[in-house]
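This report covers the sheets of one model and how their strands pair.

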Amino acid sequence: MTTQEILKQAKEAKTTLMLAAAADRNNALVKMAEALIKPEHTGKILEASRLDLEAAKGVISDVMLDRLLLNTERIQAMTDGILEVVQLEDPVGKVISETVRPNGMIIRKTAVPMGLIAIIYESRPNVTSDAAALAIKSGNACVLRGGREAWRTCYAIVEAMRTGLAAAGLPEAAVSLIEDTTRESAKELMTAEGYVDLLIPRGGKGLIRTCVEQATVPCIQTGTGICHIYVDRAADLEMAVRIVSNAKTSRPSVCNAAEVCLVHREIAGSFLPMLRQELCDRRMEAGLPPVELRLDGKAASVIPGTPAGEEDFDTEFLDYIMAVKVTDSLEEAAAHINAHSTGHSEAVVTEDTEAAARFTAAVDSAAVYVNVSTRFTDGGEFGLGCEMGISTQKLHARGPMGLAELCTYKYIIEGNGQIR
């Protein structure tokens with residue numbers, strides 16, 4: 001089926017979704033979740049994942065292969081994510097504000113679905129179920145355009161979920177997968193005026209830049225994650241080591257993994273050897289991949305590592321690599337972050353509450369943490385069930401995008417014959 005044919009069917013389905021009752025949408029989500037774990041569908045998904053992984057070996061890194069992998073546990077997690085969305089408050093029809101004018105006219109600002117949402121994403125097949133669940137819950141139809149390397153898996157997931165939609169009496173076209181994996185289909189979605197009400201790209205820097213520059217439909221800029229952790233002079237150093245280690249190594253291939261560590265010069269002599277021991281020596285002893293530390297001149301005078309190049313503080317590594325810089329002050333660290341960050345997530349480790357307040361005020365990113373790992377920037381961790389993406393822009397949506405961000409609003413005005 002061509003991209004235009006898919007868009008046409010999805011547009012027809014969106015009206016049904018926009019008018020569907022909350023109970024019907026929730027029932028559809030339950031049926032979709034049940035379909036994913038039916039043996040016949042799980043088997044097809046696992047086989048598709050195996051084929052995608054075989055084709056990707058030697059083409060993408062081992063770290064990125066982990067993003068591509070689906071197993072029984074991850075399929076169950078996808079199912080659980082859908083069911084968590086069922087339990088969330090229905091956003092459709094929520095009255096955001098209400099005003100009664102002097103003439104008796106009542107004005108209600110009311111949340112309504114966007115309509116048809118297009119999502120372009122790369123090698124994370126679990127995005128397929130997250131995006132579909134959030135779209136259906138918020139009364140939207142969605143058109144998914146997964147990456148070529150994960151297409152078989154995405155197709156198997158969508159086919160399973162569409163059986164759930166049909167069983168619930170909602171149109172299967174409400175969740176659609178683009179069949180063309182060439183760049184042409186992405187361009188068609190970017191310029192699908194009259195069909196796509198909102199475009200959300202999820203992927204690398206190149207994809208997001210292309211969408212922002214070329215889209216003629218409304219587009220939300222989601223985040224590449226050059227995330228920073230600043231270790232202040234008043235930090236608990238052992239806590240700082242734990243936080244940096246978690247933020248870098250728990251899953252380095254995701255956008256909320258830390259890529260840069262900034263260290264105050266007064267504690268660099270004590271902290272950097274501790275950090276190197278944790279990220280390099282102990283990991284090697286445990287048979288785990290060590291982190292390559294790319295050091296600026298001041299950091300390199302304290303510990304051994306790779307000299308940092310010009311691009312290292314502007315790179316989303318998505319790997320066991322971390323750039324390290326020593327700063328003279330919190331203000332210098334904040335200025336560095338604002339100059340080099342993608343606006344995703346930053347953290348400060350400090351026991352000084354005044355320093356924490358200065359950092360959170362100065363740093364201009366979607367999520368700013370105090371004594372917490374950046375790995376929590378996630379819809380599920382924020383209590384949103386799951387997420388459509390992490391918005392790094394400031395208009396309409398910022399940070400993890402849940403149900404509220406998939407709605408727009410309209411003003412509904414009631415009166416009893418008022419005229420102007």
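Which residue in strand 2 is the bridge partner of threonine 99? The bridge partner of threonine 99 is isoleucine 107.

## Basis

The model is predicted: local features need pLDDT of at least 70, side-chain atom pairs count only at pLDDT 80 or more, and totals for chains, interfaces and linings use all residues. Residues are numbered from 1 along each chain as its sequence is written, and side-chain values use heavy atoms, with hydrogens and water left out.

Strands (DSSP runs of E, at least two residues, numbered from the N terminus) form an open antiparallel sheet in the order 1-2-16. Its edge strands, strand 1 (95-100) and strand 16 (407-414), each pair on one side only. From one strand to the next the twist averages 20 degrees.

Strand 1 runs antiparallel to strand 2 (residues 106-113), and five bridges join them. Pairing requires that DSSP finds at least two bridges between two strands.

A second open sheet, with parallel pairing, has seven strands in the order 10-9-11-8-7-12-13. Strand 10 (306-307) and strand 13 (367-370) are at the edges with a single partner strand each, so one side of each has no neighbour in the sheet.

Two bridges link strand 9 (residues 292-295) and strand 10 in the parallel sense. Arginine 294 has threonine 306 of strand 10 as its bridge partner.

## Helix on the sheet

Helix 10 (residues 237-249) packs on this sheet, touching strand 7 (227-231), strand 8 (258-264), strand 11 (321-327) and strand 12 (345-349). Helices are DSSP runs of H or I, at least four residues, and contact means heavy atoms within 4.5 Å. The direction of helix 10 makes about 170 degrees with that of strand 7; axes are lines fitted to C-alpha atoms, for helices over the stretch in contact, and angles run from 0 to 180 degrees between N-to-C directions.
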